[in-house]
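User: I'd like to learn how to read a protein model step by step. Could you walk me through one?

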Amino acid sequence: MSQPEKPRLRSQLWFDDPQHADMTALYVERFMNYGLTREELQSGRPIIGIAQTGSDLAPCNRHHLQLAERVKAGIRDAGGIPMEFPVHPLAEQSRRPTAALDRNLAYLGLVEILHGFPLDGVVLTTGCDKTTPACLMAAATTDLPAIVLSGGPMLDGHHKGELVGSGTVIWHARKLLASDAIDYEDFMEMTTASSPSIGHCNTMGTALSMNSLAEALGMSLPGCASIPAPYRERGQMAYTTGKRICEMVWEDLRPSKIMTHEAFENAITVASALGASSNCPPHLIAIARHMGLELSLDDWQRVGEKVPLLANCMPAGQYLGEGFHRAGGVPAVLHELTKAGKIHPQCMTVSGRTIGNIAEQSQNHNPDVIHTYDEPLKHNAGFIVLSGNFFDSAIMKMSVVGDAFRKAYLSSPGEENTFEARAIVFDGPEDYHARIDDPALEIDEHCILVIRGAGTVGYPGSAEVVNMAPPASLIKQGIDELPCLGDGRQSGTSASPSILNMSPEAAVGGGLALLQTGDRLSIDLNQRKVNVLLDEETLAQRRAEWTPQMPPSQTPWQTLYRDLVGQLSTGGCLEPATLHLNVIARSGGA
Ligand code: FES
Ligand code: MG
């Protein structure tokens, strides 16, 4: 029996087009100069890109350079031809002024590559925080068959017999240092112990959260997110991922068939159950918008707020990536959520199986690490969305609002979840560091630390700075946490119960710009309101006197970025880019 003829692939428009022999010759000849043959290039086999995010400048993803060899083996064994190419480096821990500035730059670059080169599908190598959203945003905009390969978390960190998680330990250790409990050497030893191997952050910070949400969206193979980077399973997952993308090309399984609105709702549900990073709302909203879907902070609150915390991982819990993986990782979380009827089971995934099927076939191997839905770590663990008389929206991650915070700030009888505080206002992280220990500020336990000038426009990209430590004098008295509020973000590894991502930000004239140290704020978490206790007249007068203040752009990209970027509440997207949907199909596939 003769095989049905395979459809012509996009890459053949470059490599095998007898109607345009001169162009085909040009395209083919140069790829032969490193050893590819004409037979390979004209055989009608899928050409698969490997979007390489690893490099010496991107340590969290650097091992993708080795993993790519296993991906290539998988692609070859499935009859494809791999072509690896670099993505602009995205490095959370070292990029100044902010790594967030690069998410949209890497996205733009990747869109151009996927659109402009002879690729039939792509393996997206993800890991460090911004790599996952940047890659998924580009997959959304192009709608080229795409599959995520996470690099995996580092092994668990240990220090003096205790688990220490990347990022999370720094927030803890800097308080010890500020109160002279440890010295600089102890500080360095303790914090670097959290990074014992290759891989991305081992806490449920932005990296592990976003890779988990990629899996929950259906964009990676089951179990991909949590396999620690050095485990043998990671190389095996790379091989299987390479094989699978070739099949996806023949199945024409594109991001638009996977990343549906319901898939995003699944991801929001999983985010709450994981105690996921406060960076997930803007990233997921950005991916959805590039897919042409409307996803808003209201969806986060509607779908996610009441979902309980199941994953016992730092910063909301105790364990790290290895423990999470051994308990069953994302499929085990999906298993618990699906049993409780909280997942849209029919959503398709890159595996060709529905998410419901994956959930059903999975098991929870350790209910101490992944709790059951009926016995969660915490109820109502999603994000809440706040508003007030000086801003439109801000988020708060309820999975990290712990007993200590509740006791200190939310315990007035009959008025649970309400408190008033005196604002101490800082203009950006430099100002905070310069003045936090200034006794003239008279900071006490009835204060709220406020930071502005840290949003997408103000500190281009938006800075992870809202989780501010109290002054050393207070920490020495045992008060190591104050409520914080600001137009920046905070690290996903932080357990600080802050009010974040305030939009509109001060730099574009948001009401946060009008606050002054000494103003009183009233915070009501039940009503989701934060108001400044000033009359309209005072606010109007301050507005009349306000002049925009912003540090100058240091590079051409910062200028372009500031001109085009939106607020964190709508994903911090380059707004004109959200208008270009499905760009490959719109240009006839070529
Ligand atoms: Fe790269 Fe955390 S700094 S993953
Ligand atoms: Mg971060």
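User: What is the mean pLDDT of the protein, and what share of its residues reach 70 or more?

Analyst: Happy to start there. This is a predicted model, with a mean pLDDT of 95, and 98% of the residues reach 70 or more. The model scores are ipTM 0.94 and pTM 0.97.

User: How many helices and strands does the protein have?

Analyst: There are 23 helices and 14 strands. The radius of gyration is 24 Å, close to the 25 Å that the globule rule gives for 590 residues, so the protein is as compact as a globular protein of that length. Along the principal axes, the C-alpha trace spans about 80 × 55 × 45 Å. As for the interior, 57% of the 590 residues count as buried. Contacts reach along the chain too: among those between residues at least 6 apart in sequence, 78% join residues at least 24 apart.

User: Which residues does the UniProt domain annotation cover?

Analyst: An unreviewed UniProt entry carries the annotation "domain: Dihydroxy-acid/6-phosphogluconate dehydratase N-terminal" for residues 45–357. In the model, that span is 49% helix and 9% strand, and its end C-alpha atoms lie 30 Å apart.

User: Which residues have the most contacts inside the largest nonpolar core?

Analyst: They are L213, V270 and V333, in a core of 172 residues. Helix α12 (residues 261–274) gives the most to this core, with eight residues. Take V270 as a worked case: leaving aside neighbours within four places in sequence, its contacts are S212, L213, A216, V330, V333, L334 and L337.

User: Is helix α16 largely enclosed or exposed, and why?

Analyst: Counting buried residues along a helix is a handy way to judge this. Ten of the eleven residues of α16 (residues 329–339) are buried, so this helix is largely enclosed by the rest of the structure. Among the buried ones are P331, H335 and E336. They pack against α9 (206–217), α12, α15 (321–326) and α17 (355–361). Just after α16, G341 takes a positive phi of about 75 degrees.

User: Which residues of helix α14 are buried?

Analyst: In α14 (residues 297–304), the buried residues are L297, D299, W300, V303 and G304. They cover an arc of only 155 degrees around the axis, which puts them on the same side of α14. What covers them includes α12, α13 (280–290), β7 (383–388) and β8 (391–397).

User: Loops next. Where is G458 found, and is G458 buried or exposed?

Analyst: G458 is in the loop between β10 (447–452) and α20 (472–476). A residue counts as buried when 20 or more other C-beta atoms lie within 10 Å of its own. G458 has 27 such atoms within 10 Å, so G458 is buried.

User: Which residues is G458 in contact with, leaving aside neighbours within four places in sequence?

Analyst: The contacts are G453, D487, E505, A506, A507 and M550. For a distance across the chain, G458 and G428 are 30 residues apart in sequence, yet 8.7 Å apart in space, C-alpha to C-alpha.

How values were computed: Residues numbered from 1 in each chain as written. Chains lettered and ligands numbered in written order. Predicted model: local features only at pLDDT ≥ 70, side-chain atom pairs only at ≥ 80, totals over all residues. UniProt positions renumbered as here; feature names shortened; annotations may be inferred. Helix = DSSP H or I, 4+ residues; strand = E, 2+ residues; numbered from the N terminus. Core = buried A, V, L, I, M, F, W, Y, C linked by C-beta atoms within 7 Å. Buried ≥ 20, exposed ≤ 12 C-beta atoms within 10 Å, placed from the backbone. Contact = placed C-beta atoms within 7 Å. pLDDT = per-residue confidence, 0-100. Arc of directions from axis to C-beta. Rg over C-alpha atoms; globule rule 2.2 N^0.38 Å.
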